[in-house]
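Subject: Handover of a structure and findings

Dear colleague,

I am pleased to hand over the structure below for your review. My notes come after it.

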Amino acid sequence: MSDSYTLSGRAYTGRDLDLCNVELTVEDGIIKDITEKKTVDERWIFPCFFNSHTHLADTVAMDINFSGSLSGLVAPPDGLKHRILRDTEPEILKEAIKSSIEYMLKSATPGFCDFREGGEEGVLLLKEALLKTNACGVILGRDGGQNISDGIGISSTKEGPHTLDLAEKTRKNGGFVAFHAGEKNDKDIDQAIDAKPDLLIHMTYASNRQLKKCAELEIPIVICPRSNWILNVSSSGNNPPVKKMLEYGCKVLLGTDNVMFVQPDMFSEMSFLSYVYKIAPEDILNMAISGADIFKNPFFIEKGKPASFFSVLPAHSNMRFSRSPVKTIVNRMNFGLIERTYFKCLKKNNL
Ligand SMILES: [Zn+2]
């Protein structure tokens with residue numbers, strides 16, 4: 001398809017996701033005009049999603065039988081996941097990563113931020129996989145991988161004080177800094193906040209004081225609710241404390257975490273968050289889109305911005321009876337109902 005076209009329908013436009021009847025004019029992949037119209041095609045248009053936290057390489061261990069503690073499963077260097085990654089041929093890891101990226105592309109999620117293990121070699125594998133797709137990825141490496149990627153993804157400050165030095169050094173070199181924090185308890189949160197990171201992942205057990213500090217310092221929080229449940233760190237709609245995060249004014253983003261346990265499917269993640277945590281659909285949709293700000297290239301539908309949206313034809317399914325497209329997309333959508341995704345990655349990672 002050409003990069004210049006018009007598309008008519010009911011679109012969720014701007015950062016406030018205002019529902020308007022519009023015709024979108026796209027030239028060379030850029031939204032040139034958003035014209036309000038009285039009558040438009042029976043089509044819904046939503047911004048694409050950005051999966052703000054993935055571990056794509058552990059696709060190779062998909063749905064492995066597991067038991068035992070969280071650290072026995074995913075903590076570096078010798079958790080089950082890390083042993084499997086070490087023992088898998090690089091070509092198979094690359095194929096697994098690519099297949100999960102392709103799944104995300106099919107489900108209107110052309111952008112993601114991945115914590116990539118395996119040092120420089122691990123980062124290169126993800127970059128090579130990414131180049132074979134039309135997706136845009138932010139890669140946060142570790143064990144040296146941070147030197148050839150977008151920044152560092154630190155497992156936890158529990159690993160020791162050297163993690164803070166690594167964060168500081170990465171920031172000085174212009175890289176992003178992200179930490180897992182508060183997944184099991186609040187013990188690794190204060191140090192992570194003090195490191196003034198660009199992202200904190202989980203915060204499942206963050207206290208009110210810690211959340212207020214994140215709001216004050218404008219540190220975005222990526223929640224991964226399905227991962228928390230399947231890994232038995234949460235069994236309640238109070239952890240992560242999503243309602244409090246929003247109440248205190250934290251920037252909350254959505255991620256799906258390890259592919260070995262959870263499909264990188266933002267529709268399912270949104271639906272789970274809606275049913276279990278009872279969050280308003282507009283807030284959930286915002287969490288699923290606004291991680292793209294990390295790229296400084298947001299996915300919101302705005303004049304002058306790259307086209308990054310997908311369309312749905314409600315007449316083709318029971319969705320034509322919906323009284324609220326945003327509620328329907330959040331609660332009950334799946335990728336089989338997407339008419340088309342409009343997206344072109346304008347910034348590719350160079351090898
Ligand atoms: Zn993670």
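The model is predicted: local features need pLDDT of at least 70, side-chain atom pairs count only at pLDDT 80 or more, and totals for chains, interfaces and linings use all residues. Residues are numbered from 1 along each chain as its sequence is written.

**The chain as a whole**

The secondary structure comes to 12 helices and 15 strands; helices (H or I, at least four residues) and strands (E, at least two) are DSSP runs, numbered from the N terminus. The C-alpha trace spans about 60 × 40 × 40 Å along its principal axes. A compact globule of 351 residues would have a radius of gyration near 20 Å, and the chain agrees with its 20 Å; the radius is taken over C-alpha atoms, and the rule is 2.2 Å times the number of residues to the power 0.38. Of the 351 residues, 48% are buried, that is, with 20 or more other C-beta atoms within 10 Å of their own, whereas exposed residues have 12 or fewer and partly exposed ones lie in between, with C-beta atoms placed from the backbone.

**Two domains**

The chain is divided into domain 1 (5–47 + 298–343) and domain 2 (50–295), with bounds from an automatic or database domain assignment. Their C-alpha centres lie 28 Å apart. In contact are 19 residues of domain 1 and 20 residues of domain 2, where contact requires C-beta atoms, placed from the backbone, within 7 Å. On the domain 1 side, β14 (308–312), α12 (325–332) and β15 (338–343) each supply at least two residues, and α12 gives the largest share, six residues.

**The sheet**

Nine strands form an open, parallel sheet in the order β12-β11-β10-β9-β8-β7-β6-β5-β13; two strands pair if DSSP finds at least two bridges between them. The edge strands, β12 (252–254) and β13 (257–258), each pair on one side only. Strand β5 (residues 50–55) runs parallel to β13 and is joined to it by two bridges, with H55 opposite N258.

**Helix α7**

Which residues of α7 are buried? In this helix (residues 208–217) they are Q210, L211 and C214. Seen down the axis of α7, they fall within an arc of 100°, so they line one face; the arc is that of the directions from the helix axis to the C-beta atoms. These residues pack against α6 (189–194), β10 (199–202), β11 (221–223) and α9 (242–247). The face turned away carries the exposed N208, R209 and E216.

Yours sincerely

How values were computed:
Contact = placed C-beta atoms within 7 Å.
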